[in-house]
Amino acid sequence: MTAIILLWCLTAAQAMLVAAMGCYTFRLIRGPRAQDRVLCLDAIYVSAMLLVLTVGIRAGSPIYFEAALIIAVLGFASSVALAKFLMRGEVIE
Amino acid sequence: MTYAGALPAWAALLTAFLVLVGAGLTLLGAIGTLRFGSFFERVHAPTLGTSWGTGAIVLASIVCFSALGSRPVANELLIGVFITLTTPVTLMLLARAALYRDRAERKPGVPARSILRPPRGRDQQGESGGGQ
């Protein structure tokens, strides 16, 4: 019984995370300026990381943790590089 | 879900609750990003997902895997600490970049530079002697 509850809650959580990524994608396409798009890219990275963690809980396998950590690190690096580019016009100066 | 029989009931229910809370908070942040009007309001909304959205899902993962006993539990804390440390850095950089761009375009409603930092150069003998 509890296994079925856990399964349905995981499915609902994954649906909510995908819906959040859809909202961010809509704002990324529609966003009036470049900083909105960078903000949404960062948020999409975080949502994808949470989605990978949820898939890992569903699968019961420890492999997905490393993938989530790598996604988090890459998201931070790319967002910082894009913000730096917006401010200065170049990434490394 | 082949392992679910091995999970005790309290762990399964706690994992389900925490996962739902985390995903719901992330979805709320995304809806806020859609609905807010200006960029400086919009930059606050995704932090709902990066603070307790991430925290709740990481806690759910810790509860699930420690109840399964397949590995030690401290690994997911790494993700939580990393997200907590990096999100303010990213968003502060982004907000500073947006402020710089708005100021360069002379948009109305943008605070002047002298509000944030005392002016340097001209009135050095005034109260703003030290600069910075």
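First, a word on contacts: two residues are in contact if their C-beta atoms, placed from the backbone, lie within 7 Å. Keep in mind, too, that this is a predicted model.

With that in hand, go to chain B. Which residues of α3(B) meet α4(B)? From α3(B) come B:Thr47, B:Thr50, B:Thr54, B:Gly55, B:Val58, B:Ser61 and B:Ile62, and across from them in α4(B) sit B:Glu76, B:Ile79, B:Gly80, B:Ile83 and B:Thr87. Sorted by class, this contact has 7 polar, 4 nonpolar and 1 charged residues.

Two packed helices are described by the angle between their axes and the distance between the axes. Here, α3 (residues 47-68) and α4 (residues 75-104) of chain B pack at about 170 degrees, and their axes are 9 Å apart. Angles over 145 degrees count as roughly antiparallel, so that is how α3(B) and α4(B) run relative to each other.

## Where the chains touch

Now for the two chains together. Chain A puts 46 residues into the contact, and chain B puts in 51 residues. On the chain A side, the elements giving two or more residues are α1 (2-30), α2 (34-59) and α3 (63-88). The largest share, 17 residues, comes from α1(A). By class, the chain A side has 33 nonpolar, 7 polar and 6 charged residues.

## A closer look at α3(A)

Let's stay with one of those helices. α3(A) is made of 26 residues and reaches 39 Å from its first C-alpha to its last, close to the 38 Å expected at 1.5 Å a residue. Just after this helix, A:Gly89 takes a positive phi of about 90 degrees.

Which residues of α3(A) are buried? They are A:Phe65, A:Ala68, A:Ala72, A:Gly75, A:Phe76, A:Ser79, A:Leu82, A:Ala83 and A:Leu86. These buried residues pack against α2 of chain A together with α4 of chain B.

For the complex, the predictor gives an ipTM of 0.89 and a pTM of 0.85. Chain B has a mean pLDDT of 82, with 79% of its residues at 70 or more.

Within chain B, confidence is highest in α1 (residues 9-35), at a mean of 92, and lowest in helix α5 (residues 113-116), at 62. Over residues 124-132 of chain B, the pLDDT is below 50, and this stretch has 5 contacts in the model beyond near neighbours in sequence.

Terms used
Residues are numbered from 1 along each chain as its sequence is written. Chains are lettered from A and ligands numbered from 1 in the order in which they are written. This is a predicted model: local features need pLDDT of at least 70, side-chain atom pairs count only at pLDDT 80 or more; totals for chains, interfaces and linings use all residues. Axes are lines fitted to C-alpha atoms, for helices over the stretch in contact, and angles run from 0 to 180 degrees between N-to-C directions. Helices (H or I, at least four residues) and strands (E, at least two) are DSSP runs, numbered from the N terminus. Angles under 35 degrees count as roughly parallel, over 145 as roughly antiparallel, 65 to 115 as roughly perpendicular and the rest as oblique. Ala, Val, Leu, Ile, Met, Phe, Trp, Tyr, Cys and Pro count as nonpolar, Asp, Glu, Lys and Arg as charged, and the others, Gly among them, as polar. The expected span of a helix is 1.5 Å times one less than its number of residues. A residue is buried if 20 or more other C-beta atoms lie within 10 Å of its own, exposed if 12 or fewer, and partly exposed in between; C-beta atoms are placed from the backbone. pLDDT is the predictor's confidence in each residue, from 0 to 100.
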